[in-house]
Amino acid sequence: IPFDDEKTLSLFSSTEALGIDGKELKFDVGTIAIPEFGTNFVRAMLIDTKPKTFSDLVRISGLSHGTNVWNSNAEKLVNEMNVPMSEVISTRDDIMNQLIDAGMDKSTAFKIMEFVRKGKPLIQKKVVDNETIIINYEDEIKKYPLPEWYLDSCHKISYLFPKAHAAAYVMMSYRLAWYKLYYPEAFYATYFTQKINDFDYDALVYRLENLDNLMKEIQKMPQAKKKDTDLLSLAEVVKEMQLRDVKIAPIDMYKSLANKFTVIDSEVIPPFTVISGLGKDPANNIVNERKKKEFNSIEDFQKRTQVNNTVVAYLKSINFFAGMNDTDQISLF
């Protein structure tokens, strides 16, 4: 996958490449469902920083994984003091490289990096031959031509992410963003399969016309439960699909798989296990039995698949058995 694809890179700063108006989503960026860049926290960071290069994304990954690196630190520098993203401290490597570039020897720069990345104070006491020696790295930093905010930023940091890890995470996220842009149906099907335990078929497919109201209700909850926040995340993805004209079809007796979302005729088809109460064994039974022959009736379906009465009743309510007789008996009149 090419790492210089401009359209893919643009997803981290706008939704234009997806062909949708970002104002209809919570954030005007195209990273919904992209690992590392899909949370509200990171999407807000993307809005603030407007990344234009791959290296900007690496910095954002470092900022989002560090502790006290972005909040009340780099965030203020970027948004209020107009410090360029390329100059703020985002990963532990930045400390050492910036100090060396300023003229400090490598050994001292490395030691300072180690103290800052672990959130340790820059003034250290060391006992040598029963004598206490004070090592003042603050004064050492002040000797070099660094910005006024630099030392204060170092003091605030509690933990810094390694740049190599940030780069690896961004490479993974960028690849998935490429698939999201160019192979949307396959991307969304794979994403939902990974989130299958959180997928609510009734809310996200059968009652799809109520999606906006569902999202508003969850957003208004003062203390939403995890299952509600997980459902909201999935609802955002389905909303984005709608805006991109990517269809999520109803569950289908002869098209759905047992426990994986699939793509048929450019539509995302949910698996049987998204139905509440329909476990893996009955789902596999449906797939195996339909290979043998078609189902003659609802009675025949239930007998061969071992799906329980509660699930059958729900399947009836969503028109799963459209046009199928209740029993194998043929009426004489």
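Select Asp230 and Lys226: they form a salt bridge, with their closest N and O atoms 2.7 Å apart. (A salt bridge here is a side-chain nitrogen of Lys or Arg within 4 Å of a carboxyl oxygen of Asp or Glu.) The two sit four residues apart in helix 13 (residues 226-243), so about one helical turn separates them. Helices are DSSP runs of H or I with at least four residues, numbered from the N terminus. Lys226 counts as exposed because its relative accessible area is 62%. On this scale, buried means under 20% relative accessible area, exposed over 50%, and partly exposed in between, using a 1.4 Å probe and protein chains only.

A quick word on what you're looking at: this is a predicted model, where local features need pLDDT of at least 70, side-chain atom pairs count only at pLDDT 80 or more, and totals for chains, interfaces and linings use all residues. Residues are numbered from 1 along each chain as its sequence is written, and side-chain values use heavy atoms, leaving out hydrogens and water.

Pick Asp94 and Arg59 next, whose closest N and O atoms are 3.3 Å apart. This pair ties together distant parts of the chain: Asp94 belongs to helix 5 (residues 92-102) and Arg59 to helix 3 (residues 54-65), 35 residues apart. Are they buried or exposed? Both Asp94 and Arg59 are buried.

Now try Glu289, Lys292, Asp300 and Arg304 together, and you'll have a network of salt bridges.

## Into the largest pocket

Select Gly38, Thr39, Tyr191, Lys195 and Ser233: of the 27 residues lining the largest pocket, these lie nearest its centre. (A pocket is an open set of points on a 1 Å grid over the protein atoms alone, where a 1.4 Å probe fits, with protein on both sides within 12 Å along at least five of seven lines; lining residues have an atom within 4 Å of a point.) Its volume is about 580 Å³, meaning the space filled by probe spheres set on the points, which are joined across faces, edges and corners.

Which helix gives the most to this lining? Color helix 13, back from our first stop: it supplies seven residues. Helix 2 (40-49), helix 10 (184-194) and helix 12 (211-220) are also among those that each supply at least two.
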